[in-house]
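Hi there,

Here is the structure I promised to pass on to you. Please have a look at it first, and then read my notes below.

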Number of protein chains: 4
Amino acid sequence: MFFASDNWAGAHPSINERLSRESTRFAAAYGNSDLDKAVEARFNEIFERDVSVYFVSTGTAANSLSLASIARVGGVAFSHSEAHVIEDECGAPDFFSGMRMVPVEGEDGKMEPAKLSARIAGFPQDSLHHGRAAAVTLTQATETGTIYTLDEIDAITRIAKANGLPVHMDGARFANALVSLDVSPAEMTWKRGIDILSFGGTKNGCWCAEAIVFFNPELAKDFAFIRKRAAQLFSKTRFISAQFDAYLQDGLWLNMASHANSMADRLRAGIGSLNSTRLAWHTTSNEVFAVLNKASAEAAEAKGAKFYGWPVPTNMPEPVREDETLIRLVTSFATTEEDIDQFLSICSAG
Amino acid sequence: MFFASDNWAGAHPSINERLSRESTRFAAAYGNSDLDKAVEARFNEIFERDVSVYFVSTGTAANSLSLASIARVGGVAFSHSEAHVIEDECGAPDFFSGMRMVPVEGEDGKMEPAKLSARIAGFPQDSLHHGRAAAVTLTQATETGTIYTLDEIDAITRIAKANGLPVHMDGARFANALVSLDVSPAEMTWKRGIDILSFGGTKNGCWCAEAIVFFNPELAKDFAFIRKRAAQLFSKTRFISAQFDAYLQDGLWLNMASHANSMADRLRAGIGSLNSTRLAWHTTSNEVFAVLNKASAEAAEAKGAKFYGWPVPTNMPEPVREDETLIRLVTSFATTEEDIDQFLSICSAG
Amino acid sequence: MFFASDNWAGAHPSINERLSRESTRFAAAYGNSDLDKAVEARFNEIFERDVSVYFVSTGTAANSLSLASIARVGGVAFSHSEAHVIEDECGAPDFFSGMRMVPVEGEDGKMEPAKLSARIAGFPQDSLHHGRAAAVTLTQATETGTIYTLDEIDAITRIAKANGLPVHMDGARFANALVSLDVSPAEMTWKRGIDILSFGGTKNGCWCAEAIVFFNPELAKDFAFIRKRAAQLFSKTRFISAQFDAYLQDGLWLNMASHANSMADRLRAGIGSLNSTRLAWHTTSNEVFAVLNKASAEAAEAKGAKFYGWPVPTNMPEPVREDETLIRLVTSFATTEEDIDQFLSICSAG
Amino acid sequence: MFFASDNWAGAHPSINERLSRESTRFAAAYGNSDLDKAVEARFNEIFERDVSVYFVSTGTAANSLSLASIARVGGVAFSHSEAHVIEDECGAPDFFSGMRMVPVEGEDGKMEPAKLSARIAGFPQDSLHHGRAAAVTLTQATETGTIYTLDEIDAITRIAKANGLPVHMDGARFANALVSLDVSPAEMTWKRGIDILSFGGTKNGCWCAEAIVFFNPELAKDFAFIRKRAAQLFSKTRFISAQFDAYLQDGLWLNMASHANSMADRLRAGIGSLNSTRLAWHTTSNEVFAVLNKASAEAAEAKGAKFYGWPVPTNMPEPVREDETLIRLVTSFATTEEDIDQFLSICSAG
């Protein structure tokens with residue numbers, strides 16, 4: 001019953017197998033092997049256009065260096081107020097990009113377009129003292145388990161473009177969003193106006209596989225140096241390539257995400273049907289936010305369930321009572337029906 | 001015949017096996033799993049004292065963040081003029097530490113103590129305009145295949161300590177040096193006055209395993225934040241731990257290094273005995289620098305041998321002739337006798 | 001009728017005279033002259049204790065380098081949401097300190113203690129992902145013309161100290177606050193728990209005189225290097241010293257601030273008494289925020305009055321109507337009664 | 001007898017008078033006053049083309065922000081090995097530009113073209129590990145009192161341009177070089193291929209007046225933000241403008257430099273003619289390097305002469321004996337014939 005995070009899961013057997021196979025041979029270092037080139041080419045196929053792809057070690061690195069690649073002196077980057085870049089990366093985006101992260105409010109973990117516009121308006125291009133708007137970053141799926149629709153992405157990128165700002169997508173849970181929306185990678189990204197993508201594999205069955213995808217190669221022109229100076233160029237890069245090779249093979253990545261999402265569906269259904277539990281808000285990715293009575297939560301933990309509490313937002317439709325607790329449950333490729341049913345069973349007894 | 005670099009090798013089967021085994025379970029992220037703790041404890045044993053250990057993604061990260069942990073504003077760090085931190089890391093050490101790298105000359109890739117002293121004297125602690133001495137970093141084994149003896153390390157650290165400077169060791173090829181000197185990890189590090197070590201596993205049979213070892217825990221007090229802000233905290237850290245777990249098990253790491261060194265010995269012996277080749281200078285690690293006549297070099301490359309040319313130093317005992325070329329050959333855990341013999345055979349025909 | 005800012009004023013004749021006198025002699029550069037030493041000693045007297053004093057070129061430099069001196073990796077600094085460090089310094093505090101500025105709300109331009117506590121609680125010392133609390137900075141007088149009482153400063157510093165955080169005071173208008181409260185420099189700073197002060201002279205009759213005052217010399221131990229690396233060490237430092245020498249002589253600085261404040265009183269009284277104008281909120285420093293009907297504002301501008309519009313806060317007690325405008329009026333040592341009366345006269349006709 | 005540095009001198013009476021006059025009026029802050037605009041226009045005249053001019057507080061700031069404006073990630077900047085940017089600025093150029101300063105050797109304090117070429121060749125544009133060439137900076141007049149001829153400047157810029165590198169000139173003693181060469185500002189800068197100039201006034205009779213002049217406005221497009229974020233935008237900028245206004249009026253700047261140079265000539269002539277003293281090497285600016293017997297040096301100091309010792313270069317034509325000392329003597333607009341004659345008289349008795 002491991003629901004603490006999708007990064008508590010291990011790695012998919014196919015990915016391990018591919019790594020093992022790769023381990024037996026020699027090949028060029030620093031991203032210059034045949035495998036590296038082949039996997040880069042696979043990204044072109046996946047995204048139906050020529051893209052520039054760079055691997056890095058962590059999601060924080062992917063986001064931070066993406067922002068660094070489009071940074072401007074005195075610039076600010078806009079994200080949702082609960083975004084990972086603001087809340088969970090220890091200032092790495094500011095450190096690498098030299099920009100300040102400016103929060104934009106919005107329901108359901110999504111920037112509200114009108115509020116984004118208003119925020120951008122506060123940082124005109126000649127705003128020497130206050131700072132100037134320089135970038136927009138949105139998270140898909142969001143930190144609160146929701147997913148921007150294609151139209152909602154369009155609304156964000158339209159505002160950004162009208163203001164001359166590049167748009168980054170933090171796709172730490174990109175695959176979960178993709179299968180939930182049932183659209184193509186191209187449709188969810190560059191066809192919507194996304195310029196740079198943090199393409200995450202680690203949370204979805206790899207052990208360490210994060211890529212930065214530039215849809216506009218011009219933005220990547222200095223990126224090899226940005227990455228190297230950031231100490232993010234692996235010597236044995238091909239072991240990241242190997243992970244992605246298996247990940248992208250025969251739709252494994254989509255299958256794993258589908259599995260995670262459907263396990264979340266099972267959780268959502270169960271939690272919604274019990275008396276002692278309810279969904280805190282509606283989610284459609286592999287994250288579920290639930291209100292449990294404390295007795296249920298403690299019982300589950302006592303029996304080995306792993307999950308984290310979540311700060312109660314101020315705008316909850318139904319308040320969390322004294323004897324209740326708000327928790328986050330995350331599923332992954334490795335989550336089983338048995339785990340979920342056991343968890344629900346404990347809760348139903350609570 | 002892969003002699004381009006030890007980072008062209010794959011990963012040892014035992015390390016793969018350990019990774020695969022780890023991949024099937026759930027465990028806490030960000031270095032908080034039982035395995036992470038166990039491997040950290042293993043480092044205490046290996047070094048015969050309580051150490052603080054932090055994993056990072058690359059050797060450049062290990063060096064750069066080590067220096068960042070002891071950085072002082074307006075400070076400079078001293079290294080050999082051919083050190084990786086100066087020559088090969090794209091300014092990452094400067095970027096993360098905010099310090100300038102100051103070169104110190106010396107024969108055989110090693111800082112000459114008298115020259116280190118003189119350099120340090122040029123940067124007194126109140127030297128506001130010129131900058132102040134802040135750190136010393138030495139590479140073991142060196143970039144040119146040589147190895148500091150214990151006495152030579154002592155000579156460096158004694159000068160550093162006399163000037164109040166912490167000492168970092170870049171141990172990208174730590175194991176190769178260790179088995180060559182046939183001493184214990186403690187003897188080659190903190191017993192010699194080393195404060196911080198970049199402990200490299202990637203070049204020696206792991207696929208991505210670099211650790212920073214603090215012998216003085218006080219120096220590490222802010223390091224968790226330094227690493228996180230540098231985007232170097234893996235979510236699935238335990239997969240690095242797993243590599244180190246196998247690496248440190250039953251002396252695998254030392255065995256691999258011994259194998260690499262003995263393969264280099266075989267190369268050294270062969271190259272020294274041929275008419276068409278000679279050793280450029282004496283080395284004792286897994287790196288061999290050889291002068292080949294160009295015909296031999298081209299013949300070897302034509303038959304698939306991989307190696308890099310090396311810039312000819314100004315102080316070569318015997319000059320490199322027009323029809324000769326200087327190359328570097330690096331062996332690893334994966335190098336075979338057959339490869340070496342085949343290479344030598346081609347050269348002998350040259 | 002120059003009310004745009006106190007930095008539109010020139011320099012006081014006594015300060016000019018002192019500069020001219022200093023210009024005729026030779027003296028040691030980089031802060032090592034007799035005059036530099038004498039002025040530093042004057043600061044000890046002014047603050048009734050031994051302090052460390054460093055001159056810099058701008059208020060932004062004073063704030064940014066103050067924060068840099070107490071910066072921690074992954075740290076955040078708390079200020080009021082409308083503070084200069086957040087709103088008006090183009091990210092310089094973030095750039096020099098490496099920290100993010102976190103806004104704290106509060107009425108009247110002052111941090112509300114309970115909200116400061118709550119904010120700090122969100123950044124515990126082991127908060128690796130979100131960041132850790134590292135510093136508090138408050139502005140005296142505030143950006144909105146108000147002044148923290150001694151008790152209010154105490155309330156802020158008490159919370160900071162309870163959390164182990166150093167406290168910086170942005171005193172760009174330090175003298176205006178001091179004379180308004182009618183207290184001593186010591187009482188408004190270190191006796192209240194302030195650790196570092198940006199002591200501004202430029203807005204109060206100097207042309208370029210900003211000092212950073214460390215009440216705790218330990219915090220200043222690296223500061224000479226921080227300043228030099230920030231390119232803020234003047235060669236002819238003594239010309240800043242000369243300005244401060246005159247500034248601090250015979251209470252000139254307090255007299256200038258008193259004059260500015262009393263000119264603001266005259267403005268406040270006049271604006272409060274007219275039909276076409278009203279005070280937007282109560283202020284006690286040399287800044288006045290007024291709501292004018294637009295006709296009056298335009299008439300004044302047409303006759304040469306200089307002032308800036310001010311964004312209307314969401315929580316105005318009395319809303320600003322369509323035909324009204326909110327403006328800021330700032331007085332200085334150089335403001336005359338005639339200017340104020342002329343301005344009021346134009347408004348009264350509006 | 002103040003020969004320690006030209007920054008020990010005060011300020012010229014005309015500059016003081018202009019400052020005093022400016023101090024009596026109100027005017028727009030942050031470089032937006034009529035005077036600021038007028039002085040900017042003056043720079044266009046002085047340089048016979050449209051230039052972009054930005055004032056900063058120190059020579060270190062001028063150099064550091066100039067380099068920041070042309071910085072590239074992973075880039076290195078080439079300067080003479082004794083240049084101020086390497087030797088005397090506490091790493092500020094590295095800090096602001098993010099680049100490493102790479103020394104180029106050369107006689108007489110000037111980069112030797114062949115050595116510059118060789119150095120640049122070591123940092124090709126795709127040199128990911130070692131770093132890439134990004135900028136060249138030369139000092140005019142040099143740190144050792146010499147002056148690049150126009151042809152010598154051409155030789156440097158030609159190499160830079162051939163490698164696609166912008167060229168910065170550190171003109172802390174720009175006027176001294178100009179009058180020595182007897183050429184126009186345009187001839188010594190952009191007509192020679194200089195892109196950016198640190199135009200120093202402080203050492204030549206101002207008290208704080210440093211400008212960055214961009215001959216290629218495209219390079220300045222982000223500079224307002226670079227300067228503001230570096231905390232170098234003065235609120236009362238017009239007091240720098242006022243200094244430059246007087247400085248550039250009726251050739252005052254050239255007259256002051258001529259005076260300083262001719263005082264140096266007088267020193268050179270005197271020192272060359274005495275038995276107890278000799279010129280260490282030939283200089284043509286306002287800096288004189290002399291070898292004195294120690295008795296003379298001590299006698300001069302005892303009678304109040306101020307000067308600094310200078311490290312003895314390894315390549316002195318005539319070695320400095322045990323009983324001799326190498327010193328630097330700097331003249332300025334304020335140096336008098338009497339001071340020089342008194343100094344020489346003391347030496348001649350030595």
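**Two helices in chain B**

In chain B, the axes of helix α1 (residues 13-22) and helix α11 (residues 238-247) come within 8 Å and cross at roughly 140°. Axes here are lines fitted to C-alpha atoms, for helices over the stretch in contact, and angles run from 0 to 180 degrees between N-to-C directions. α1(B) is therefore oblique to α11(B) (under 35 degrees counts as roughly parallel, over 145 as roughly antiparallel, 65 to 115 as roughly perpendicular, and the rest as oblique).

A word on the model: it is predicted, so local features need pLDDT of at least 70 and side-chain atom pairs count only at pLDDT 80 or more, while totals for chains, interfaces and linings use all residues. Residues are numbered from 1 along each chain as its sequence is written, and chains are lettered from A and ligands numbered from 1 in the order in which they are written. Helices (H or I, at least four residues) and strands (E, at least two) are DSSP runs, numbered from the N terminus.

Which residues of α1(B) meet α11(B)? They are Ser14(B), Ile15(B), Arg18(B), Leu19(B) and Glu22(B). Among their partners in α11(B) are Phe239(B), Ala242(B) and Tyr247(B). Contact means that C-beta atoms, placed from the backbone, lie within 7 Å.

**The α11 helix in chain C**

In chain C, helix α11 (residues 238-247) is mostly covered, with 10 of its 10 residues buried. Buried means 20 or more other C-beta atoms within 10 Å of a residue's own, exposed means 12 or fewer, and partly exposed is in between. Arg238(C), Phe244(C) and Asp245(C) are among the buried residues. The cover over the buried residues of α11(C) includes α1, α2 (34-47), β1 (52-56), β7 (210-214) and α12 (252-273) of chain C.

**Between the chains**

How many residues of chain C are in contact with chain D? There are 41, and they touch 41 residues of chain D. On the chain C side, α1(C) gives the most, with 4 residues.

Best wishes

Methods:
Two residues are in contact if their C-beta atoms, placed from the backbone, lie within 7 Å.
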